[in-house]
Structures are given as structure tokens and as C-alpha cells.
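Here is a short walk through one protein chain, written for someone seeing it for the first time. Have a look at the picture, then read on.

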Amino acid sequence: MITTTTQRILDLAAAAPASHGEDLVLLLGEANELYQQGLQELHREVAARLDGLATADLLFAADTAGMPCDATQGRDEAILLLALVEWEMTPAAMAYTEMAEDAARRGICLIPEE
């Protein structure tokens with residue numbers, strides 16, 4: 001059985017509350033990699049789906065979706081912003097965000113301290 005990115009993130013998020021210290025860091029790290037992978041996959045899909053739209057329309061759509069965009073930002077950035085808006089509404093992204101926030105409340109973060 002092949003586990004999808006979404007299912008694996010959900011599994012990791014379910015295991016996170018019972019994990020501590022280095023185990024939680026490992027879970028969070030794997031979930032982060034899967035989050036990035038899922039966003040990249042969706043970005044490619046969104047780029048293909050919006051291929052025929054004019055840049056001005058993409059910028060307007062991103063702005064309307066709550067991701068402020070202006071003429072200095074190009075087509076690629078507008079598509080990425082639209083993909084991010086769509087990705088953030090997926091169960092995988094929501095589970096990862098909740099997992100990362102819970103880990104942060106417990107003092108666990110993937111960003112190294114300086």
C-alpha cells in the first residue's frame with residue numbers, strides 16, 4: 001500500500017502529541033519535507049491550470065485571494081501565491097500547521113537557534 005503525502009502528514013500529526021524531544025523533532029522534520037513536497041506538486045498543477053491566463057489576471061486573483069500582489073511581482077510569483085492559498089486549505093497543510101504550532105508551544109522548532 002502506498003501512503004499519500006496527505007495521509008503520511010496526518011499520521012505524523014496524530015503521533016506528535018505523544019512525542020517529545022528528539023522524537024518530535026524527527027516527526028516535525030519529516031512532516032516539513034512532505035509539506036514542501038505537497039506544495040511543490042500543487043504549484044506545478046496550478047501553473048499548468050492557469051497557463052493561459054494573463055499576468056494581470058493572475059495578480060488580481062492573488063490579491064483577491066488575500067495574497068497582496070502588485071505589478072512588480074511577476075507571473076511566476078502570482079502563481080506561487082495562488083498555489084500557496086490553495087495548499088493552505090488542504091488537510092495536509094492544516095495538520096502540519098497545527099503540528100508545528102503545538103511543537104512550538106512545547107519549545108520545539110526546526111529553525112536553529114543562533
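## A loop and its surroundings

H3 is followed by Gly66, and the phi of Gly66 is positive, near 95°. Helices here are DSSP runs of H or I with at least four residues, strands are E runs of at least two, and both are numbered from the N terminus. Before going further, note that this is a predicted model: local features need pLDDT of at least 70, side-chain atom pairs count only at pLDDT 80 or more, and totals for chains, interfaces and linings use all residues. Residues are numbered from 1 along each chain as its sequence is written, and side-chain values use heavy atoms, with hydrogens and water left out.

Let's stay with H3 for a moment. Its buried residues are Leu58, Leu59 and Ala62. Viewed down the axis of H3, these buried residues fall within an arc of 100°, so they line one face of the helix. That arc is taken from the directions from the helix axis to the C-beta atoms. On the other side of H3 you'll find Ala56, Phe60 and Thr64, which are exposed. As for the cut-offs, buried means under 20% relative accessible area, exposed means over 50%, and partly exposed is in between (1.4 Å probe, protein chains only). H4 is included in what covers the buried residues of H3.

Now for the loop itself. Cys69 lies between helix H3 (55–64) and helix H4 (75–87), and Gln73 is found in that loop between H3 and H4 too. Which residues does Cys69 contact, leaving aside its neighbours within four places in sequence? They are Leu59, Ala62, Asp63, Ala78 and Leu81, where contact means heavy atoms within 4.5 Å. Gln73, with residues up to four places away in sequence not counted, touches Leu59, Pro68 and Leu81. The side chains of Gln73 and Glu77 are also joined by a polar contact of 2.9 Å. A polar contact is a pair of N or O atoms within 3.5 Å; within protein, one must be able to donate a hydrogen and the other to accept it, and residues adjacent in sequence count only if both atoms are side-chain atoms.

Over in helix H1 (residues 5–15) sits Thr5. Leaving out residues up to four places away in sequence, Thr5 touches Leu34, Gln37, Gly38 and Glu41.

Here are some buried residues with their values:

| Residue | Relative accessibility |
|---|---|
| Cys69 | 14% |
| Gln73 | 16% |
| Thr5 | 17% |
| Tyr35 | 9% |
| Tyr96 | 11% |

## The aromatic rings

How many aromatic pairs does the structure hold? There are 2. Rings of Phe, Tyr and Trp (its six-membered ring) pair if their centres lie within 6.5 Å; planes under 30 degrees apart count as stacked, over 60 as edge-to-face and the rest as tilted. The rings of Tyr35 and Trp87 have centres 5.6 Å apart and planes at 75°, so this pair is edge-to-face. Tyr35 lies in helix H2 (residues 21–49) and Trp87 in helix H4, so the pair ties together parts that are 52 residues apart in sequence. Both Tyr35 and Trp87 are buried.

The rings of Tyr35 and Tyr96 have centres 4.9 Å apart and planes at 40°, so that pair is tilted. This pair links distant parts of the chain, with Tyr35 in helix H2 and Tyr96 in helix H5 (residues 91–105), 61 residues apart.
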